[in-house]
Amino acid sequence: MTYSDNSTARMTADRSAMSVGDEVAIDIVKMNKWFGTFHVLRDIDLTVRRGERIVIAGPSGSGKSTLIRCINRLEEHQSGRIVVDGVELTHDLKNIDKVRSEVGMVFQHFNLFPHLTVLENCTLAPIWVRKLPRRQADEIAMRYLEKVRIPEQAHKYPGQLSGGQQQRVAIARSLCMEPRIMLFDEPTSALDPEMIKEVLDTMIELAQDGMTMICVTHEMGFAQAVANRVIFMDQGQIVEQNSPREFFNNPQSERTKLFLSQILGH
Amino acid sequence: MSEVHAETVPFVRGTMLPEAPPPAAERGAIHWLRANLFSGWVNTILTFVGLFVLWWLFQHFYPWFRHSVWNASSMAECRTLITERWGEGAGGGCFGLVRERWNQFLFGFYPPAEYWRPISAFWLLFLALAPVLFTESRKLRWIVVGVASVMAFALSMLMGAPDPVLICLAVGIVLWVVLIEYIPRAALIVSVIFPFLAVWLLWGGSIWGPATILAGAVLGLAVWGALSRFGALAVLAGLAVAVLWWWFLSSQAAIDLQRLLPLELPKMESRGFGGFLLAITIGVSAIVMSLPLGIILALARQSDLPIVKGFAVIFIEFIRGVPLITLLFVASLLLNYFLPPGTNFDIILRVIIMVTLFASAYMAEVIRGGLASLPRGQYEAAGALGLNYWKMQRLIILPQALKVSIPGIVGTFIGVFKDTTLVTFVGLFDPLKQLADTIRATFEWKGAYWEPYIFSGLIFFILCFSMSRYSMYLEQRLKRDHR
Ligand SMILES: Nc1ncnc2c1ncn2[C@@H]1O[C@H](COP(=O)(O)OP(=O)(O)O)[C@@H](O)[C@H]1O
Ligand SMILES: [Mg+2]
């Protein structure tokens, strides 16, 4: 089976600029999580190096969202270890605050704050968490809004923007905290087809800047263009892990083959 | 170009169509009538039934109002006048009662020489509210502030306030208005202090009483601020310092300060409060205090901490399960058993506490509805950005939840305000029953039945309707999601 991209325009990225360091950014060891009695994540082991881009794929309900939500403690794991930037996630609230201010997250449904303008969305955390003066926060926000190419929308409310614009604002909002790691949970799956590309382009640029990224996505063009590794999850476990080329052209497990044949529409 | 055969012949539009006005039938009075009143048989019949009912009501009540008499000083005189003018058997309203006794409806048995005090307190209330309620529109704020300032001063003068008071009032109002316009943050602080000023104006006595109580609160906040890095411990320390101050030091400090700098107004008895003075005092206090209390209860009820949550649930369900009158009886009778003998715990204060607790339970449920309407993603996004619980609530959750709850909140406010008439059952002079009965019990106004109700009802309506309009204005102002 060969890989073909049927959903998005061909994407290219300059991979030479995206170097991976030796430093460990995220270390997950034998992590387990239950929702009540439902064992949603089973013995997850995953090490992410600084600058690495990881794409997580898998059928719906396989625990992809839960896994990346554990990384910034939106969900609590029950056994095993998660260490982010050298800080272990425990019940210690200080550690959680520290990790959250270093890890940015972008959601499927954007989750912008509808009662604040785009600019206020972006400056909120820098002002209230980083304690920056408003002027400086505004400057940073405008810088990142320019980066995602919507500085002219700064004074509108999120409800006045298109889905693609909203998602780019959400990315800018996360970047304003100048995180060292970014998590993306299906950032394009709530978007109309013509808006997917603008968001993916933003994400590719981010990857070229050397950001450590974990993306749950089914955009295989994006995975091909920027990922170092593709991780395939099913039933709460990591089933397969490989470079994008190997993953798409030479999948090993039956589950992976089945999944790829479904999403690639053969 | 030709538009025919669009379905059968391949078609490419050459020129785009310009926007056109709607056809005439879609607009105008005739269209409106046809669409809203006479669209079909049932609708037409209902329209005529409605018109008939309106006509019947009008025909029934209008003569009574048309025959009404304003310049009579007793029921008997009024009746004679009506018979003289409109013949034997004509009925009419004796609104002379309102003209003669309006002051009792408004102030109860508050001494007339001191009327300027509740009046100025009432109008100054709007200056206190301006930095909170009217921040969005400068024009509206100017109207409210302007009318309130002029009324506070002019009516105080009319009611014979002493000259030194008038001078203080004038200077105070000017400074306050400048603050509201140019230093809104400072004006907010003045708004927080205002309740203490209002208490002093209404009840009188030495100003140092309320002032030292305020000092306790400031002291507590200062301790909290100084120790803020210790988190919850700082709150407890601040609270402890404030309570200690109030318990041991504040009354002595008030006496000493009064000796140093005597500044007092004649003392008023709570039993003398009545009419709308009473209703507004209780209503406004309960409204202002029940909102923050309701927010705290609503948050507590959503809390993950079982004890906090349990307490909130029990409190809310208990209060909502008991009629307000029961709570008022508790306030007037039972509390006396629990308090050490000889303590003079003001009856109005007791009633205010009970009405506040009652209102805050309902407020909590209204706000909980608002909280529940927010998608979980808002909490997650705020959490993912590193906002802690209180910042998340204050900056993200509550602004949205309160906005959604505005109709419910204002509905609760209106309910509370009208419920203040229930204080009649603990022997206070509410405007609707106790006071009306008292006036009816006099020789002159025996037999006046509708007039007091109409007058009080009208004032209640004006006050409640204003609140309701304000809520609609606020909703309009805060409409931001453009969906
Ligand atoms: N808060 C929750 N409580 C109980 N079950 C949950 C909760 N969140 C997710 N689940 C369940 O956990 C499983 C994994 O969910 P999720 O991580 O969202 O999957 P994915 O993102 O891969 O589609 C699903 O079966 C889902 O129903
Ligand atoms: Mg998911």
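Angles between helices run from 0 to 180 degrees between N-to-C directions, and the axes are lines fitted to C-alpha atoms over the stretch in contact. The model shown in these views is predicted.

**View 1. Packing of helices α4 and α18 in chain B.** Helix α4(B), residues 96–107, packs on helix α18(B), residues 450–478, at an angle of about 50°, and their axes are 11 Å apart. Helix α4(B) is therefore oblique to α18(B). Their crossing is right-handed. From α4(B), the contact takes in B:Leu97, B:Val98, B:Trp102, B:Phe105 and B:Leu106; from α18(B), B:Pro452, B:Phe455, B:Ser456 and B:Ile459 take part. Eight of these residues are nonpolar, one is polar and none is charged.

**View 2. Packing of helices α15 and α16 in chain B.** The axes of α15(B), residues 376–384, and α16(B), residues 389–419, lie 10 Å apart at an angle of about 160°. Since angles over 145 degrees count as roughly antiparallel, α15(B) is roughly antiparallel to α16(B). The crossing of α15(B) and α16(B) is right-handed. B:Gln378, B:Tyr379, B:Ala382 and B:Gly383 of α15(B) meet B:Met392, B:Gln393, B:Ile396, B:Ile397 and B:Gln400 of α16(B). The contact of α15(B) with α16(B) comprises five nonpolar and four polar residues, with no charged ones.

**View 3. Surroundings of ligand 1 in chain A.** The residues around ligand 1 include A:Phe35, A:Phe38, A:Val40 and A:Pro59, together with the run from A:Ser60 through A:Gly61, A:Ser62, A:Gly63, A:Lys64 and A:Ser65 to A:Thr66. Polar backbone atoms approach oxygen atoms of the ligand at A:Ser62, at 3.2 Å, and at A:Gly63, at 3.1 Å. At A:Ser65, a polar side-chain atom is 2.6 Å from a ligand 1 oxygen atom.

Terms used:
Residues numbered from 1 in each chain as written. Chains lettered and ligands numbered in written order. Predicted model: local features only at pLDDT ≥ 70, side-chain atom pairs only at ≥ 80, totals over all residues. Heavy atoms only, no water. Helix = DSSP H or I, 4+ residues; strand = E, 2+ residues; numbered from the N terminus. Parallel < 35°, antiparallel > 145°, perpendicular 65-115°, else oblique. Left-handed = near helix turned anticlockwise from the far one by under 90°. Contact = heavy atoms within 4.5 Å. Nonpolar A, V, L, I, M, F, W, Y, C, P; charged D, E, K, R; others polar. Near = heavy atom within 4 Å. Polar contact = N/O pair within 3.5 Å; in protein donor to acceptor, adjacent residues only side chain to side chain.
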